[in-house]
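This briefing covers the fold, side-chain pairings and surface of one protein chain. Please keep the sequence and the model in view while reading.

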Amino acid sequence: MAHALQMMESRFLTYVDVERGLAQATVEAYRRDLDRYIEWLGDHGIDDARQITTLPKEPTPRLAGFGSLRSVRCSRLRRQPER
């Protein structure tokens, strides 16, 4: 795994564990999924988050579990806070 991506993973996992208080089983599931994703990125020559542009149109067998991420609408992610 690339060092920068490992650091991002670590910060995210600390956030969901400490700040969000998610169950340990959920945090471990995130860890396994992120490890698989970061390994896949490395296998495809991606070692910096800025190189990630989109998810593949057709999930590879190793990313089949990430298919639901494609359905997230960008407009929901960019929504401004309500005033």
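The structure, a predicted model, holds two aromatic pairs, where rings of Phe, Tyr and Trp (its six-membered ring) pair if their centres lie within 6.5 Å, and planes under 30 degrees apart count as stacked, over 60 as edge-to-face and the rest as tilted. The rings of F12 and Y30 are edge-to-face, because their planes stand at 70° with the centres 5.5 Å apart. This pair links distant parts of the chain, since F12 belongs to helix α1 and Y30 to helix α2, 18 residues apart. The rings of Y37 and W40 are stacked, because their planes stand at 5° with the centres 6.4 Å apart.

**Basis of the model**

- Residues are numbered from 1 along each chain as its sequence is written.
- In this predicted model, local features need pLDDT of at least 70 and side-chain atom pairs count only at pLDDT 80 or more, while totals for chains, interfaces and linings use all residues; side-chain values use heavy atoms, leaving out hydrogens and water.

**Overall architecture**

- The protein chain has three helices and zero strands, where helices (H or I, at least four residues) and strands (E, at least two) are DSSP runs numbered from the N terminus.
- Along the sequence, the pattern of the protein chain reads α-α-α.
- Of the contacts in the protein chain with a separation of 6 or more, 37% are between residues 24 or more positions apart; a contact means heavy atoms within 4.5 Å.
- The protein chain has 83 residues, of which 16% are buried. Buried means under 20% relative accessible area, exposed means over 50%, and partly exposed lies in between (1.4 Å probe, protein chains only).
- The accessible surface of the protein chain is about 6800 Å², with 52% of it belonging to carbon and sulfur atoms. Such areas come from the Shrake-Rupley method with a 1.4 Å probe, and for residues only the protein chains shown count as cover.

- In soluble globular proteins, nonpolar side chains tend to be buried together.
- The largest nonpolar core consists of six residues, namely L5, Y37, I38, W40, L41 and I46. Helix α2 (residues 24-43) gives the largest share of this core, with four residues. A nonpolar core is a set of buried Ala, Val, Leu, Ile, Met, Phe, Trp, Tyr and Cys residues joined through side-chain atoms within 4.5 Å.
- Y37 and W40, the residues of the stacked pair, are both buried. These two residues are separated by about one helical turn, because they are three residues apart in helix α2.
- Apart from its neighbours within four places in sequence, I46 contacts L5, L41, Q51 and I52.

**Nonpolar surface patch**

- F12, Y15 and Y30 make a nonpolar surface patch of about 280 Å². Patches are made of residues with over 30% relative accessible area and no salt bridge, with like charges joined within 9 Å and nonpolar side chains (Val, Leu, Ile, Met, Phe, Trp, Tyr) within 5 Å.
- Y15, located in helix α1 (residues 3-19), is partly exposed because its relative accessibility is 40%.
- F12 is partly exposed, with a relative accessible area of 34%, and Y30 is also partly exposed, at 34% relative accessibility.

**Salt bridges**

- Three salt bridges are counted, each being a side-chain nitrogen of Lys or Arg within 4 Å of a carboxyl oxygen of Asp or Glu.
- E28 bridges to R31, with the closest N and O atoms 3.4 Å apart; both residues lie in helix α2, three residues apart, about one turn of the helix. E28 is partly exposed at 28% relative accessible area, and R31 is partly exposed at 33%.
- D33 bridges to R36, with the closest N and O atoms 3.5 Å apart. About one helical turn separates D33 and R36, because they are three residues apart in helix α2. D33 is partly exposed at 32% relative accessible area, as is R36 at 35%.
- D48 bridges to R50, with the closest N and O atoms 2.7 Å apart. R50 counts as exposed because its relative accessibility is 73%.

- S10 is placed in helix α1 and is partly exposed, with a relative accessible area of 41%.
- The C-alpha atoms of S10 and R31 are separated by 8.7 Å, although these residues are 21 residues apart along the chain.
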